[in-house]
Amino acid sequence: MNTVGIQSLVTLMSHLMFIGIAFWAIQGLRIDRFFPQSSQQRIKVLIVLLAILLGYTSSAFFLNFIDNVRNLVFLVK
């Protein structure tokens with residue numbers, strides 16, 4: 001039961017970390033300057049949603065990769 005809680009905590013922290021990294025990276029692109037001033041709020045929401053999408057996908061890949069590496073032990077046994 002304790003390992004399930006630790007795994008959940010690691011998953012949540014990984015998702016949040018990757019979403020933060022994706023948000024930081026997307027802000028560096030300065031997408032907002034390509035759109036008119038009237039749609040700046042929509043662009044900000046789009047950036048947040050893109051960061052969530054990219055961060056969650058990256059985190060899921062990372063966690064899945066780590067899980068598969070851990071399961072390679074069962075191939076040898």
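Tutor: We will take each label and set its value against the cut-off. Keep in mind that this is a predicted model.

Student: How do you know how the protein compares with a compact globule?

Tutor: A compact globule of 77 residues would come out near 11 Å, but the protein has 17 Å. The C-alpha atoms fill a box of roughly 60 × 25 × 15 Å along the principal axes. Buried residues make up 16% of the 77.

Student: What share of the contacts links residues 24 or more positions apart?

Tutor: Such pairs account for 87% of the contacts with a separation of 6 or more.

Student: Why is the pair Arg30 and Asp32 called a salt bridge?

Tutor: The cut-off is 4 Å between a side-chain nitrogen of Lys or Arg and a carboxyl oxygen of Asp or Glu. Arg30 and Asp32 are at 3.9 Å, N to O, so the pair qualifies. 

Student: What makes Arg70 and Asp67 a salt bridge?

Tutor: Their closest N and O atoms are 3.1 Å apart, which is within 4 Å, so this pair passes too. Both residues lie in helix 2, three residues apart, about one turn of the helix. Arg70 has 54% relative accessible area, over 50%, so it is exposed. Asp67 has 29%, so it counts as partly exposed. The whole structure has two salt bridges.

Student: Why is the Phe18 and Phe62 pair called tilted?

Tutor: Start with distance: the centres are 5.6 Å apart, and the limit is 6.5 Å, so the rings pair. Phe18 sits in helix 1 and Phe62 in helix 2, 44 residues apart, so the pair links distant parts of the chain. Phe18 has 19% relative accessible area, under 20%, so it is buried. Phe62 has 39%, so it is partly exposed.

Student: And what makes the Phe61 and Phe65 pair stacked?

Tutor: The ring centres are 6.2 Å apart and the planes are at 25°, under 30, so the pair is stacked. Both residues lie in helix 2, four residues apart, about one turn. Phe61 is exposed, because its 61% is over 50%. Phe65, at 49%, is partly exposed. The count of aromatic pairs comes to two.

Student: Which residues form the nonpolar patch on the surface?

Tutor: Phe61, Phe62, Phe65, Ile66, Val69, Leu72, Leu75 and Val76 form it, with about 880 Å² of accessible area together. Helix 2 and helix 3 each give two or more residues. Helix 2 has the largest share, five residues. Leu72 lies in the loop between helix 2 and helix 3.

Student: How much of the accessible surface belongs to carbon and sulfur atoms?

Tutor: The share is 72% of about 6500 Å².

Conventions:
Residues numbered from 1 in each chain as written. Predicted model: local features only at pLDDT ≥ 70, side-chain atom pairs only at ≥ 80, totals over all residues. Heavy atoms only, no water. Buried < 20%, exposed > 50% of the residue type's maximum accessible area, 1.4 Å probe, protein only. Patch = residues over 30% accessible without salt bridge, like charges linked within 9 Å, V, L, I, M, F, W, Y side chains within 5 Å. Areas by Shrake-Rupley, 256 points an atom, 1.4 Å probe, with all protein chains shown as cover. Phe/Tyr/Trp six-rings, centres within 6.5 Å; stacked < 30°, edge-to-face > 60°. Rg over C-alpha atoms; globule rule 2.2 N^0.38 Å. Contact = heavy atoms within 4.5 Å.
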